Amino acid sequence: MPKQKTHSGAKKRFKVTGSGKIMKQQANLRHNFEGKPTRRTRRLSQEQVLAPGDAKVAKKLLGR
């Protein structure tokens with residue numbers, strides 16, 4: 001049987017923690033920083049746990 005390949009887009013976007021949770025980077029942190037408060041940009045720079053429904057799909061894409 002051929003092996004299942006990992007989805008290239010998914011492996012760039014998601015990270016799996018030791019406990020098996022899927023982490024993602026928050027959206028809205030690419031441009032227009034003058035219009036965003038520093039407090040917001042700091043909050044957005046933190047990684048976030050993926051929602052359970054999305055995590056199920058992401059795990060499949062990552063071959064887990």
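Reply: What follows describes the sheet, then its contacts, then the loops and the helix beside it.

This is a predicted model, in which local features need pLDDT of at least 70 and side-chain atom pairs count only at pLDDT 80 or more, while totals for chains, interfaces and linings use all residues. Residues are numbered from 1 along each chain as its sequence is written, and side-chain values use heavy atoms, with hydrogens and water left out.

The sheet. Three strands make an open, antiparallel sheet in the order S1-S2-S3. Strand S1 covers 15–16 and strand S3 covers 47–49; each stands at an edge with a single partner strand, so one side of each has no neighbour in the sheet. Strands here (E, at least two residues) and helices (H or I, at least four) are DSSP runs, numbered from the N terminus. Two strands count as paired if DSSP finds at least two bridges between them. Strands of a sheet pair through backbone hydrogen bonds, either parallel or antiparallel.

S1 and S2 run antiparallel and are joined by two bridges. Across this pairing, valine 16 stands opposite isoleucine 22 in S2. The hairpin of S1 and S2 has five residues between the strands, and within the hairpin glycine 20 takes a positive phi near 100°. Threonine 17 also has its place in the loop between S1 and S2. Threonine 17 is partly exposed, at a relative accessible area of 26%; the classes are buried under 20%, exposed over 50% and partly exposed in between, using a 1.4 Å probe and protein chains only. The C-alpha atoms of threonine 17 and valine 49 are separated by 9.7 Å, with the two residues 32 apart along the chain.

On the other pairing, S2 and S3 are antiparallel over three bridges. Methionine 23 has valine 49 in S3 as its bridge partner.

The salt bridge. The structure holds one salt bridge, the term meaning a side-chain nitrogen of Lys or Arg within 4 Å of a carboxyl oxygen of Asp or Glu. Its partners are the side chains of glutamate 47 and lysine 15, at 3.3 Å from N to O. Glutamate 47 belongs to strand S3 and lysine 15 to strand S1, so the pair links distant parts of the chain, 32 residues apart. Both partners are partly exposed: glutamate 47 at 38% relative accessibility and lysine 15 at 46%. Side chains of opposite charge can pair when their charged atoms come close.

The core. The largest nonpolar core has six residues: Ala10, Ile22, Leu50, Ala55, Ala58 and Leu62. Such a core is a set of buried Ala, Val, Leu, Ile, Met, Phe, Trp, Tyr and Cys residues joined through side-chain atoms within 4.5 Å. In soluble globular proteins, nonpolar side chains tend to be buried together. Leucine 50, one of the core residues, is in contact with Phe14, Ile22, Lys24, Ala55 and Ala58, leaving aside neighbours within four places in sequence. Contact means heavy atoms within 4.5 Å.

Not counting residues up to four places away in sequence, glutamine 26 touches Arg43, Leu44, Gln46 and Gln48.

Asparagine 28 has a positive phi near 70°, although the residue is not a glycine. Asparagine 32, in the loop between S2 and H2, likewise has a positive phi, of about 60°. Most residues other than glycine have a negative phi. Asparagine 32 is exposed, with 57% relative accessibility.

Lysine 36 lies over the face of phenylalanine 33, at 5.5 Å from the ring centre. A charge sits over a ring if NZ of Lys or CZ of Arg is within 6 Å of the ring centre and within 35 degrees of the ring normal.

The helix. Arginine 40 lies in helix H2 and is partly exposed at 33%. The C-alpha atoms of arginine 40 and glycine 53 are separated by 26 Å, the residues being 13 apart along the chain.
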